[in-house]
Amino acid sequence: MEWKIGDITIPNQVVVAPMAGVTNSAFRIICKEFGAGLVVCEMISDRGIMYKNKKTLDMMFVDPREHPMSIQIFGGTKETLVQAAKFVDQNTAADIIDINMGCPVNKVVKTDAGARWLLDPKKVYEMVSYVTDAVKKPVTVKMRTGWDEDHIYAVENALAAERAGASALAMHGRTRKQMYMGHANWDILKQVAGQLHIPFMGNGDVRTPQDAKKMLEDVGADAVMMGRAVEGNPWVLSQVEHYLETGDILPEPTPEKKIATAKEHLHRLVELKGDHVGSHEFRGQSGYYLKGISHSARTKVALVNADGEQAMDDIFDQFLEKNAQRQARHQQMAQ
């Protein structure tokens with residue numbers, strides 16, 4: 001089902017959350033190919049943009065195959081955040097600018113950025129209004145339910161962002177204190193969805209097509225945002241999209257298909273960042289692709305210690321060869 005963020009049409013209700021070190025252009029293209037309606041770049045520091053840091057600027061590369069896509073920025077002062085938003089607005093191919101108000105890590109919170117804003121709806125309003133006034137592209141906000149159990153201003157913060165001109169809002173159902181532990185509180189997300197007039201993306205503990213449907217139907221979200229469940233598992237996006245359309249569950253891909261996708265991810269990362277950086281970054285993702293495939297433990301270790309694209313390719317190929325030999329033996333024994 002199509003929906004809109006400002007004047008940008010999103011073709012379906014499946015959104016991939018921004019994840020640091022993960023949602024670079026190489027991975028975003030794969031997510032698009034597997035059916036994501038919207039993908040979001042990993043969060044970008046406003047100061048990195050302000051100082052024209054090369055690594056930061058490279059992170060904002062957008063491939064034409066990614067649209068519609070969003071670039072997420074974070075920062076602690078209105079001056080630097082507005083400067084960063086203007087840069088994204090005028091110098092990148094992003095369709096949407098997203099403001100991070102949910103990052104729980106200390107080094108971000110200490111700079112008065114990310115989840116720090118959750119303690120003050122007035123600050124949320126102020127920061128979002130300064131950004132929306134300064135740019136032409138639609139602005140969205142991603143936040144958490146609150147700082148901790150005693151400071152949950154989910155509805156107030158969401159409405160503040162809406163009043164300040166945000167075109168859509170995403171909320172992760174955990175507090176800052178929870179980090180990524182415990183359970184996401186969908187009851188709070190439901191309260192927020194019931195109050196907002198702008199599109200609402202529900203996030204947290206969406207791992208299966210059935211979870212996605214519940215987020216849309218029970219919580220009342222307009223779209224479902226998936227994060228960690230997509231790592232090394234982009235086909236879950238196809239499964240979710242298909243289930244929402246038809247009610248049918250697509251089968252799990254074969255080990256061969258999973259590894260073909262893993263290799264494609266590796267090759268695109270190397271193309272994007274070079275062999276050394278690309279293959280090193282892929283180490284963190286390689287294990288996710290092998291999750292649930294039997295006899296893959298040694299291969300996971302080998303990939304983490306592999307040096308370079310070719311070495312990783314060879315390890316994947318050797319694993320597939322051994323897997324095929326095992327299957328052939330099983331078939332012979334069955335006969």
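Predicted model: local features only at pLDDT ≥ 70, side-chain atom pairs only at ≥ 80, totals over all residues.
Helix 8 itself covers residues 186–195, and its buried residues are Trp186, Ile188, Leu189, Val192 and Ala193. These residues lie on the same side of helix 8, because the arc they cover around the axis is only 150°. The face turned away from that buried side carries Asp187 and Gly194, which are exposed. Asp187 also takes part in a contact at the start of helix 8, where its backbone nitrogen lies within 3.0 Å of a side-chain oxygen of Asn185.

The next topic is empty space inside the model. Rolling a probe the size of a water molecule over the atoms shows where such space is left. With a threshold of 30 Å³ or more, the count comes to one cavity. The largest cavity has a volume of about 60 Å³. Its lining is made up of Ile5, Leu38, Val40, Ser70, Ile96, Asp98, Thr140, Ala170, Met201 and Met225. Two strands, strand 4 (38–40) and strand 7 (96–101), each supply at least two residues of this lining. Sorted by class, the lining of the largest cavity has seven nonpolar residues, two polar ones and one charged one.

An open space is found elsewhere in the chain. The second largest pocket has a volume of about 170 Å³. His295, Arg298, Thr299, Ala302, Ile315, Gln318, Phe319, Lys322 and Arg326 line this pocket. Helix 13 (297–305) and helix 14 (309–334) each supply at least two of the lining residues, and helix 14 gives the most, with five. By class, the lining of the second largest pocket divides into three nonpolar, three polar and three charged residues.

Most residues other than glycine have a negative phi, and most peptide bonds are trans. His295 has a positive phi, near 60°. The residue lies in the loop between helix 12 and helix 13. With a relative accessibility of 55%, His295 counts as exposed, because the cut-off for that class is over 50%.

Asp112 is another residue other than glycine with a positive phi, in this case near 65°. Asp112 belongs to the loop between helix 5 and helix 6. Its relative accessibility is 33%, so Asp112 counts as partly exposed. A peptide bond also calls for a remark: the one from His67 to Pro68 is cis, with omega near -5°. Pro68 is placed in the loop between helix 3 (54–59) and strand 6 (69–74).

The loop that holds Asp112 runs between helix 5 (106–109) and helix 6 (121–134), and Asp120 is found there as well. Is Asp120 buried, partly exposed or exposed? Asp120 has a relative accessibility of 35% and therefore counts as partly exposed. The side chain of Asp120 reaches the backbone nitrogen of Lys122 at 3.0 Å. Lys55 is 65 residues from Asp120 along the chain, and the C-alpha atoms of the two are separated by 32 Å.

Two buried residues complete the tour. Ser279 is found in helix 12, which spans residues 275–290. Its relative accessible area is 1%, so Ser279 is buried. Leaving aside residues up to four places away in sequence, Ser279 touches Leu266, Val270, Gly274, Gly308, Glu309 and Met312.

Val22, in contrast to a helix residue, lies in a loop, between strand 3 (14–16) and helix 1 (25–33). Where does a relative accessibility of 7% place Val22? Val22 counts as buried, because buried means under 20%. Apart from residues up to four places away in sequence, Val22 touches Phe27, Glu42, Glu231 and Gln285. His330 is 308 residues from Val22 in sequence, and the distance in space is 37 Å, C-alpha to C-alpha.

Notes: Residues numbered from 1 in each chain as written. Heavy atoms only, no water. 1 Å grid on protein atoms, 1.4 Å probe; cavity = no way out; pocket = protein on both sides within 12 Å on 5 of 7 lines; lining within 4 Å. Points joined across faces, edges and corners; volume = space filled by probe spheres on them. Helix = DSSP H or I, 4+ residues; strand = E, 2+ residues; numbered from the N terminus. Nonpolar A, V, L, I, M, F, W, Y, C, P; charged D, E, K, R; others polar. Buried < 20%, exposed > 50% of the residue type's maximum accessible area, 1.4 Å probe, protein only. Polar contact = N/O pair within 3.5 Å; in protein donor to acceptor, adjacent residues only side chain to side chain. Arc of directions from axis to C-beta. Contact = heavy atoms within 4.5 Å.
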